[in-house]
Amino acid sequence: MNFTFLEIDHVQVAAPKGCEEKAREFYGKILGMKEIPKPENLQKRGGVWFQCGSHQLHIGVQDDFQPAKKAHPAFHVKNLAVLRDHLIEKGIAVKGDEPLEGANRFYANDPFGNRLEFLEWIK
């Protein structure tokens, strides 16, 4: 093959029409991700984009939206326990799962019901 995968550029999670303010509150204010501008020609679609480390997280509007209950992005976090406590303080439910060797992790849902994983690799 004459092609090579370099990395994931971005991940998109779906949300219902009119999701932008809730997305900004959760991903921007609560999680602390920086909002980045969408290209002008894509703004009419709605949604919001965020920078997450060296990658991007796109919140995209889906007309027949159904939250992703199993499929999910996983966010590698430094100081996972601090994030967990922060989410709980904000009234966001966190849920554990079976252990993953070499990592601590938990799950939470975004305001639209999408499953999100947060993990920290143990060295």
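Guide: What follows is a short chat about the fold, the surface and the strand pairing.

Visitor: What kind of model is it, and how are residues numbered?

Guide: This is a predicted model, with residues numbered from 1 along each chain as its sequence is written. Local features need pLDDT of at least 70, side-chain atom pairs count only at pLDDT 80 or more, totals for chains, interfaces and linings use all residues, and side-chain values use heavy atoms, with hydrogens and water left out.

Visitor: How many helices and strands are there?

Guide: The protein has 2 helices and 8 strands. Helices (H or I, at least four residues) and strands (E, at least two) are DSSP runs, numbered from the N terminus. Along the sequence the pattern is β-α-β-β-β-β-α-β-β-β. The radius of gyration is 15 Å, close to the 14 Å that the globule rule gives for 123 residues, so the protein is as compact as a globular protein of that length. That radius is taken over C-alpha atoms, and the rule is 2.2 Å times the number of residues to the power 0.38.

Visitor: What does the C-alpha trace span?

Guide: About 45 × 45 × 25 Å along the principal axes.

Visitor: And how much is buried?

Guide: Of the 123 residues, 37% count as buried, meaning under 20% relative accessible area with a 1.4 Å probe and protein chains only (exposed is over 50%, partly exposed in between). Residues 24 or more positions apart account for 54% of the contacts with a separation of 6 or more, where a contact means heavy atoms within 4.5 Å.

Visitor: What about charge? How many positive and negative side chains?

Guide: There are 17 positive and 17 negative side chains, and the centres of the two sets lie 2 Å apart. Lys and Arg count as positive and Asp and Glu as negative, while His and the chain ends are not counted. Each charge is placed at NZ of Lys, CZ of Arg, CG of Asp or CD of Glu.

Visitor: Back to the strands. What is the order in the open sheet?

Guide: The order of its 4 strands is S5-S8-S7-S6, with mixed pairing. Two strands pair if DSSP finds at least two bridges between them. S5 (74-76) and S6 (94-95) stand at the edges with a single partner strand each, so one side of each is left without a neighbour in the sheet.

Visitor: Which way do S5 and S8 pair, parallel or antiparallel?

Guide: Parallel, over 3 bridges. Alanine 74 has glutamate 117 in S8 as its bridge partner. Strand S8 (residues 115-121) has 5 of its 7 residues buried.

Visitor: And S7 with S8?

Guide: S7 and S8 pair in the antiparallel sense over 7 bridges. Phenylalanine 106 is partnered by phenylalanine 118 in S8, and asparagine 104 stands opposite glutamate 120 in S8. The two strands form a hairpin with 5 residues between them, and glycine 113 in the turn has a positive phi of about 95°.

Visitor: What joins S6 to S7?

Guide: 2 bridges, and the two strands run antiparallel. Lysine 95 stands opposite tyrosine 107 in S7.

Visitor: Which strands pair with S4?

Guide: S1 (residues 10-15) pairs with S4 (residues 55-61) in the parallel sense over 6 bridges, and S3 (residues 48-52) is joined to S4 by 5 antiparallel bridges. Histidine 10 has glutamine 56 as its bridge partner in S4, and phenylalanine 50 stands opposite leucine 57 in S4.

Visitor: Where is the positive phi in the hairpin of S3 and S4?

Guide: At glycine 53, near 65°, in a hairpin with 2 residues between the strands.
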